[in-house]
Amino acid sequence: MDVLEKLRELGRNLYWTWHPEVIDIFRDLDPELWRDLNHNPMEFLRQLSSQRLAERLDMLAIDARISQAFHHMEEYLRDKNVWGAWQAGPLRTAPVAYFSAEFGLHEALPTYAGGLGMLAGDHLKAASDIGVPLVGVGLFYARGYFSQRLDSSGWQHEEYFTADVEQLPLTRVLDGSGQPLRVHVETDRNGIWAGLWTAQVGRNRLILLDTNVEGNDEECRALTSQLYGGDHRVRIRQELVLGVGGVRAMGAMGIRPGVLHLNEGHSAFAVLEMARTLMNRDGRDFESVRDFVAARTVFTTHTPVEAGHDRFDAALVEETLGPLRRELKVSPEQLMALGRRDPANAAEPFCMTILGLKFSRYRNAVSDLHGHVSRAMWQGLWPGRSVDEVPIGHITNGVHTASWLSVPVAQLYRRHLGENWEQRMCDPEVWAAMDRIDDLEFWEQQQILKAHLVGHMRRRVAQQEKARGTALPDGRELDPAVLTIGFARRFAEYKRGDLILRDPERLARLLNDPNRPVQIICAGKAHPADNKGKELIQKVFRFAHDPRFAGRIVFVEDYNINIARHLVHGVDVWLNTPLRPMEACGTSGQKVVLNGGLNLSTLDGWWAQAYDGTNGFAIGAGGEHVDPARQGELDAAALYDVLETQVVPLFYDRGSDGVPRGWVARQKNAIRTLAWRFSAHRMMMDYTLRCYLPASGALTALTVCPYRGGQ
Ligand SMILES: *Cc1c(COP(=O)(O)O)cnc(C)c1O
């Protein structure tokens, strides 16, 4: 195999996205081209001229690195000495089918919008690492979510680019005769064809359905072009393609899943298609296969926000699911009842979450607190049960460590936690060694990462300002010596992106303290239809351009995986201000922990169970005032208090060597107590032991592993 072929093999498997030695190879071959092409190796290798490649190979003597990286990947793919080989054997012949409307794997693949997608991406990567056989099923959105641009008044505009699918690390699925494989889904309006792509994610595959294929009319071709775009009809038809089309795609590809995992309600129609398949195979009726399907289905709910649960009216459900319903031999009323809290209420729309909850035996929320909230929220589905008896548990989300860890910190861990720390990262003992790392070494590493972040953000901000014809007040820029707070998330009302802006005078004093200054880097998108969210962004923008906050607040446009990576590597403090208990989990703060940043958050989502008084900072004490406006006032006051009395003093309390000992102690506490608990490897073990194996009917009584469940 020649060098170019090895490079192509490396680029085709998304394995490279979490293996820095491969990323370094691409970057070293042509740093500018690599950056200009959005770090997309397939397009990069196509555009890199053979002359340039030969030149660079010669100059860098990079052949050996390419061969080594290639062999490491082969070893990784073949490795039998993984957790799943011992613990998840039964899934090998009948893998988990993991359905999600989004998958956040890399900035070049426009198949994600935010947290749900990032979680799904990390889920696939973790399954690969620890050897749990799993197939992802999603949709291919050529136009993705959207790119964000702010105008000179700070108002968000959405821009759409169409990705050239041929340039992405995807492979078209062909049938036996070499023709593109397609699946068909009928509706009473028209039929929809979907072509199939696969992405290789380490050992596992992701299947993406794409309706932009021959045989479809214009409307159907455009159906999957955009994520979370379009009206209710587009939405339910996308969900039909995802759920029903997804099951058919696996069938057409010869994959026989043993377990269905529905990551949120969007894909819940999959259970109906599974039921249909079994009815046809075994000649049984709908009621008799229903339990069988539910016993093999895992459902994860992700949001306590009402608008986050898709609901469709009866006419739309019938138009879309009519053909499938008739095959299931159920009446329109019987079908609607599956998606209703009160089956007899003809006015109630069809809720995808309810279908998922009713049609699965393994149901979970995504943090401890969210478990309580979900049980209360869906109590009505189990009449006669108390809230505590509602059968919804929780498995807390975690992040894929290798994807979010900066290279220098990974090296630090290798030196101090042991060469094979990554294989043992779910073992708390491994992290006890944090204390052995020298404070000065640790601190200096952090400050280097921060300087890198500040440099990157200065460039981005300058480009943005220039592009829209605005300027930063006094031309003041971010400063790497200053305590740096990151705030990046979707601008939705309950996340209260303006909490820290509520008292401008107090904020100005805090940020401009001559001896102990503070700066804030903000980023995040608002949903295109969410004007309240856009107003919050505009408010941040105005602060960033107010001379009182010159150089101390910036807003970085177009939050995406790449910006997230820079932020979580380099910030001192990660701010999170959701109105409790609206945040289901949140994962960005977990990424920050790995790199030494400290969380400053209301006690909501994962932080409510993670914070122990020594591993970060809390805003307030977990209050849930009946009046959200009042709670906002209380939380804003608590936020300023904790900044003024704890965060800032601790950060600037330096020893004679310039090291803030108390701060570093807190950083180490955070890593030691949180890194293993909130890793996607631990999450994958939880899902496997508590859901996948029992659902596949194959739970073995003995489990031997260095693992503590139930986080
Ligand atoms: C991690 C991540 C998220 C999710 O983070 P939250 O804490 O849920 O806000 C969203 N978007 C991107 C790009 C991320 O990397």
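**A buried loop residue**

Tutor: Thr396 counts as buried because its relative accessibility is 0% (buried means under 20% relative accessible area, exposed over 50%, partly exposed in between, with a 1.4 Å probe and protein chains only). This is a predicted model, in which local features need pLDDT of at least 70, side-chain atom pairs count only at pLDDT 80 or more, and totals for chains, interfaces and linings use all residues. Residues are numbered from 1 along each chain as its sequence is written, and side-chain values use heavy atoms, with hydrogens and water left out.

Student: Where does Thr396 lie?

Tutor: Thr396 lies in the loop between strand 14 (393-394) and helix 17 (401-404). Helices (H or I, at least four residues) and strands (E, at least two) are DSSP runs, numbered from the N terminus.

Student: And which side chain does the side chain of Thr396 contact?

Tutor: The side chain of Gln609, through a polar contact of 2.9 Å. A polar contact is a pair of N or O atoms within 3.5 Å; within protein, one must be able to donate a hydrogen and the other to accept it, and residues adjacent in sequence count only if both atoms are side-chain atoms.

Student: Changing topic: how many residues surround the ligand?

Tutor: The ligand is surrounded by 14 residues, the closest being Trp404, Ala564, Thr587, Ser588 and Lys591; a residue is near if one of its heavy atoms lies within 4 Å.

Student: Which side chain has an N or O atom 2.6 Å from a ligand oxygen?

Tutor: That of Lys591. A backbone N or O atom of Thr587 lies 3.1 Å from an oxygen atom of the ligand, and a polar side-chain atom of Arg489 lies 3.4 Å from a ligand oxygen.

Student: How much of the ligand does the protein bury?

Tutor: The protein buries 92% of the 380 Å² that the ligand exposes when taken alone; these areas come from the Shrake-Rupley method with a 1.4 Å probe.

Student: Now strand 9. Why is it largely enclosed?

Tutor: Strand 9 (residues 259-263) is largely enclosed by the rest of the structure because 5 of its 5 residues are buried. Val259, His261 and Asn263 are on one side, with Leu260 and Leu262 on the other.

Student: What does strand 9 pair with?

Tutor: Strand 9 pairs in the parallel sense with strand 1 (residues 96-99) over 4 bridges, and with strand 10 (residues 297-300), also parallel, over 4 bridges. Two strands pair if DSSP finds at least two bridges between them. His261 is the bridge partner of Tyr98, while Leu260 stands opposite Thr297 in strand 10.
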